[in-house]
Amino acid sequence: MKLKRRGFLGGFNRFRLMLTLGLAVVLPAAALVFVNFSQLRAFERDKVLEAAIHRDFLEMLAITEKKMNKKSYAMAEESRDLFPSPGIAPAEKEKQLDLILSKSPWLSHVWLFDENGFVIRSQPQQMGDKYFREEHERMAESYKWLATEAKSLVATLQKKTRPIGFYSMPTKRAGADSYLATAYFTLPQAAADKVVLGGATFDACYLQQTFFPGVLEEQVTQKSNDQGGNKLALMIYRVDPEGGKEVKPLAATRGWDNGKPEVMRKLDDVFRGLGLGIKYQGTSVEALGQTWVHRSFLILGFLSLMIIGGLVLTRHVVNKELALARLKSDFVSNVSHELRTPLALIRLYAETLELGRITTPEKKHQYYRIIRKESERLTALINNILDFSRIEAGRKEYEFRNTDIAELVRNTLESYRYQIEQQGFAFEESIDSNLPAVPVDREAIARALVNLVNNALKYSSDEKFLGVKLYRDNSVVKLEVADHGIGITRRDQSKIFEKFYRAGDPLVHNTKGSGLGLSLVRHITQAHGGDIAVESTPGKGSRFILSLPLASAGQVAV
Ligand code: ADP
């Protein structure tokens, strides 16, 4: 009945612990993992990361355009300040325009339009180039167009905070398509009611080889300095007026490597007709998104595994603690029983003697011996428990003295001889008497031996044999206690030296014991700097071998 109750309580405790663990750890952890998991799935499905990067890219393109515009306006303004007054003689005008060209090698053409007509000057050293000359001629034709448009252009410019406008046109350089941007502006020194316009055309080669690459490179460098991460690449291309999909870069940063832009932006204002494109160097946004999602899944999986590992570990610890608790409660019941049996016997025999019913001296002698033996058993048990509690509290002390160990073993066995033979054991003793003195705590070593002998007697069923050997093996003295008893399984062999541990064998179950004996033996041996080993075959018997070093290591109190 008692056992059942304990079993139930143990089960209940475990259930409660597991429930707490479940509610406090597993549920929140599982919920967290689940939420993260579904969030990641949503991220993957809706391409959230990709969208965020695209937004970032768009913003960067807008900023790049702004920078290019700002720079162009500043350059146009610089040229505008160098422009001559409109009223001067045509020859003088040309001279002054030529001066602007020589001061600003990034300009291809400059022109001035006023009531006296249209003057255009181009970089003289480039006039030898066929394409450049054609360009010059086309520019010169702007005059026709200006003649009708200039008035409204001036009116529009005058409304702006900066009276500068831009127009662009395609051109050719060395056979390849190129691009021209021309700034036109009103002149500060011209009267407001006069229709006067100046113009400066940025050199196509300058734009393509210096201006665009410079701004783009600067942007990429700044961005990677600000944010690090994957390297970016930018490029500028001509928007196909026919709406073709093909994108041919006019200029690009290093690392563009002919890839497809992730995000594009058509330019307005200064560089109308051009577009900007951006991408990562050597990878795509999609690949990045996928890597990120995969990595997150991996991390999540790893965390889940860790949680499961933690749970398994906790379960293991809980089970171990519960098993220890069970062992402890078994111990209490075993010890009480062990105390009760000898006490009952002592009382019974003492009462019988007291009543004076026993008349023969042999019988009396037998009763006295039983009483002595039972009290010895009691003392041994109580000594074990006391020793154990001292060891647990770290207060156990040993007193080492040089001892004739052969004599110690012989004396200890002597007081057991009768009991051994009474129980029908064949007793074999082999003690080497020529051993040197060994520094030991006599009482402790005797107790270790008694524990081993007692076990041999307790755990033998049919084959009743006890063998004790004491001999020297190099620098150690070995004390062996062997029996032909029930033996110990391999699994139990590693556990029997733990406190409270008792094997599951039915004979062990029916034999009373505290599970403390071997743990004491081990502690005593280790305190002497030695060790204890067991060799055993289930059903065949066991051999415990206690080794003590000749010069003891443990001269200190332990
Ligand atoms: P107790 O004998 O009080 O149970 P011990 O610590 O002395 O405690 O022994 C622990 C366990 O080791 C025993 O319960 C038993 O299962 C096993 N054992 C010890 N000695 C022997 C032996 N000589 N033969 C078989 N089993 C043994």
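In this predicted model, a polar side-chain atom of D483 lies 2.9 Å from a nitrogen atom of the ligand. For Y459, the distance from a polar side-chain atom to a ligand oxygen is 2.7 Å; for N455, the corresponding distance is 2.8 Å. Considered by itself, the ligand exposes 530 Å², and the protein buries 98% of that area.

The shell around the ligand can be described by the elements that build it and by the classes of its residues. Helix α10 (442–458), helix α13 (517–527) and strand β16 (541–549) are the elements that each give two or more residues to this shell. Among the elements, α10 gives the most, with three residues. In total, 21 residues surround the ligand, and the closest are N455, Y459, R502, S514 and L518. Sorted by class, the shell comprises 11 nonpolar, seven polar and three charged residues.

In soluble globular proteins, nonpolar side chains tend to be buried together. The largest nonpolar core of this model holds 48 residues, of which L207, F211, F212, I236 and F271 touch the most other members. Helix α2 (residues 48–82) gives the most to this core, with eight residues. What does F212 touch, once residues up to four places away in sequence are not counted? Its partners are M68, L207, I236, L250, A251, F271 and L274.

S178 is placed in strand β4 (residues 176–185), and R173 in strand β3 (residues 164–173). Is S178 buried or exposed? Its relative accessibility is 1%, so S178 counts as buried, the limit for that class being under 20%. R173 has a relative accessibility of 10% and therefore also counts as buried.

The surroundings of these two residues can be followed in turn. With neighbours within four places in sequence left aside, S178 is in contact with P170, T171, K172, R173, A204, Q208 and R238. A polar contact of 3.1 Å joins the side chain of R173 to the side chain of D203.

Two helices complete the tour. A30 is found in helix α1 (residues 2–46). With a relative accessible area of 39%, A30 is partly exposed, because this class lies between the limits of 20% and 50%. How far apart in space are A30 and Q208, C-alpha to C-alpha? The distance is 58 Å, for a separation of 178 residues in sequence. K95 lies in helix α3 (residues 90–103). At 58% relative accessibility, K95 counts as exposed, since the exposed class begins over 50%. The C-alpha atoms of K95 and R121 are 9.2 Å apart, and the two residues are 26 positions apart in sequence.

Methods
Residues numbered from 1 in each chain as written. Predicted model: local features only at pLDDT ≥ 70, side-chain atom pairs only at ≥ 80, totals over all residues. Heavy atoms only, no water. Near = heavy atom within 4 Å. Polar contact = N/O pair within 3.5 Å; in protein donor to acceptor, adjacent residues only side chain to side chain. Areas by Shrake-Rupley, 256 points an atom, 1.4 Å probe, with all protein chains shown as cover. Helix = DSSP H or I, 4+ residues; strand = E, 2+ residues; numbered from the N terminus. Nonpolar A, V, L, I, M, F, W, Y, C, P; charged D, E, K, R; others polar. Core = buried A, V, L, I, M, F, W, Y, C linked by side-chain atoms within 4.5 Å. Buried < 20%, exposed > 50% of the residue type's maximum accessible area, 1.4 Å probe, protein only. Contact = heavy atoms within 4.5 Å.
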